[in-house]
Amino acid sequence: MTITAAVSGASGYAGGEVLRLLANHPEIEIGAITAHSSAGSRLGELQPHLLSLADRVIAETTPENLAGHDVVFLALPHGASAEVAAALPEGTLVIDAGADHRLEDPEAWFRFYRSEHAGTWPYGLPELPLGGGHTQRERLVGARRIAVPGCYPTSALLALTPGFAAGLLEPDDVVIVSASGTSGAGKSAKPHLLGSEVMGSMSPYGVGGGHRHTPEIEQGLSNAAGAPVTVSFTPTLAPMSRGILTTATARVKEGVDGASLRAAWEAAYGPERFVHLLPTGQWPATQMVLGSNNVALQLAFDEHAGRVIVSSVIDNLTKGTAGGAVQSMNIALGLDEGAGLAQLGVAP
Ligand SMILES: NC(=O)c1ccc[n+]([C@@H]2O[C@H](COP(=O)([O-])OP(=O)(O)OC[C@H]3O[C@@H](n4cnc5c(N)ncnc54)[C@H](OP(=O)(O)O)[C@@H]3O)[C@@H](O)[C@H]2O)c1
């Protein structure tokens with residue numbers, strides 16, 4: 001039986017990547033393709049790389065246009081998903097790439113987004129260790145609403161949760177710095193994202209605890225630790241179109257050594273097909289994972305500082321958004337978890 005999927009936000013980066021993956025998915029037929037100001041345009045004008053869909057005409061994002069499909073992907077600015085999702089039937093699998101349904105704490109939502117909390121959906125990060133040998137995957141089986149993680153949280157949570165789930169890390173001294181390519185900020189024109197501003201230059205932003213992904217990272221780490229975890233998170237903008245490199249460090253508990261740290265990460269990700277702990281001494285680079293749904297990680301124990309240092313890389317548009325969304329869809333619908341998802345990156 002063919003499964004139909006509608007994609008909103010189809011003119012944007014996240015929606016375009018969802019379409020790229022679905023066009024290669026063996027079980028999915030792409031139905032309505034919708035957006036906002038570009039409604040009425042040919043998709044080929046806005047996403048010229050999606051040649052097989054070039055003549056499809058973009059419709060307006062309305063519940064009516066999205067209804068009647070088995071799956072609906074929402075790739076809209078945050079705040080725009082909740083109303084559309086609420087108007088879709090309960091039996092439709094709705095997968096939100098935006099932030100609206102990720103946070104469990106309404107106060108944290110209000111503090112960072114300044115609007116009413118729309119509720120919490122199962123979190124679309126299947127490999128996330130939950131402690132006790134459980135993973136987030138179990139909560140996605142049969143789900144009909146899924147909140148895809150933010151791109152920085154995907155890289156940061158996969159970097160550190162094995163250590164918290166295994167009880168090896170202190171919860172009050174976590175520092176995370178991430179470098180992201182410019183596509184993480186979306187496709188709409190912004191002066192600071194002009195080529196002449198970004199090429200050959202790197203800069204921090206959202207410094208001092210203000211970035212909206214901070215509560216999402218704290219939520220995932222706290223759930224794994226079973227106690228509140230405090231995070232200092234600093235994102236930076238890197239001169240590349242795709243990719244995130246995260247460097248995450250935490251103080252280890254008394255008596256923890258390098259071997260027990262490595263064993264925890266190996267146990268968490270050994271069975272995973274998309275999360276790769278690299279051989280000791282090999283460090284990840286963003287180019288390794290471009291265009292794929294992979295995450296590559298490495299860790300080191302800095303004995304002098306008493307800290308674990310973990311580097312992780314993802315493609316923000318693939319594992320960091322659309323890949324995570326398609327992987328979660330596959331699990332929810334009982335399909336092969338890797339259907340439609342590339343396991344090989346593009347290099348050089
Ligand atoms: N970019 C990433 O790496 C990334 C990673 C993780 C999560 N996300 C999330 O994915 C969502 C989309 O991000 P993006 O990077 O794809 O942004 P984008 O490139 O700016 O695209 C935004 C899309 O939303 C549509 N849109 C704009 N205003 C709308 C409205 N009021 N109602 C309905 N549709 C509207 C736009 O349509 P028109 O162009 O036709 O106006 C466009 O298709 C965001 O919530 C973002 O946080 C993005």
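Predicted model: local features only at pLDDT ≥ 70, side-chain atom pairs only at ≥ 80, totals over all residues.
Residues are numbered from 1 along each chain as its sequence is written.

Strand E9 (residues 169-180) and strand E11 (residues 231-237) run parallel and are joined by seven bridges; two strands are said to pair if DSSP finds at least two bridges between them. Both belong to an open sheet of seven strands with mixed pairing, ordered E10-E11-E9-E12-E15-E14-E13. Because strand E10 (203-204) and strand E13 (275-277) stand at the edges with a single partner strand each, one side of each is left without a neighbour in the sheet.

Helix H6 (residues 151-165) lies across E9, E11, E13, strand E12 (244-252), strand E14 (295-302) and strand E15 (307-314), and runs at about 30 degrees to E12. Axes here are lines fitted to C-alpha atoms, for helices over the stretch in contact, and angles between N-to-C directions run from 0 to 180 degrees. Helix H8 (residues 214-225) also packs on the sheet, where H8 touches E9 and E11 and its direction makes about 135 degrees with that of E11.

The two helices meet each other as well: the axes of H6 and H8 come within 9 Å and cross at roughly 20 degrees, so the helices are roughly parallel to each other, a term that covers angles under 35 degrees. In this contact (C-beta atoms, placed from the backbone, within 7 Å), residues of H6 including Leu157, Leu160 and Phe164 meet residues of H8 including Ile217, Leu221 and Ala224. The residues of the contact divide into ten nonpolar, two polar and one charged, where Ala, Val, Leu, Ile, Met, Phe, Trp, Tyr, Cys and Pro count as nonpolar, Asp, Glu, Lys and Arg as charged, and the others, Gly among them, as polar.

At the level of domains, whose bounds come from an automatic or database domain assignment, the protein is given domain 1 (3-149 + 319-333) and domain 2 (152-316). Contacts link 22 residues of domain 1 with 31 residues of domain 2, and on the side of domain 1 that touches domain 2 the largest share, six residues, comes from H10.

Key
Helix = DSSP H or I, 4+ residues; strand = E, 2+ residues; numbered from the N terminus. Contact = placed C-beta atoms within 7 Å. Parallel < 35°, antiparallel > 145°, perpendicular 65-115°, else oblique.
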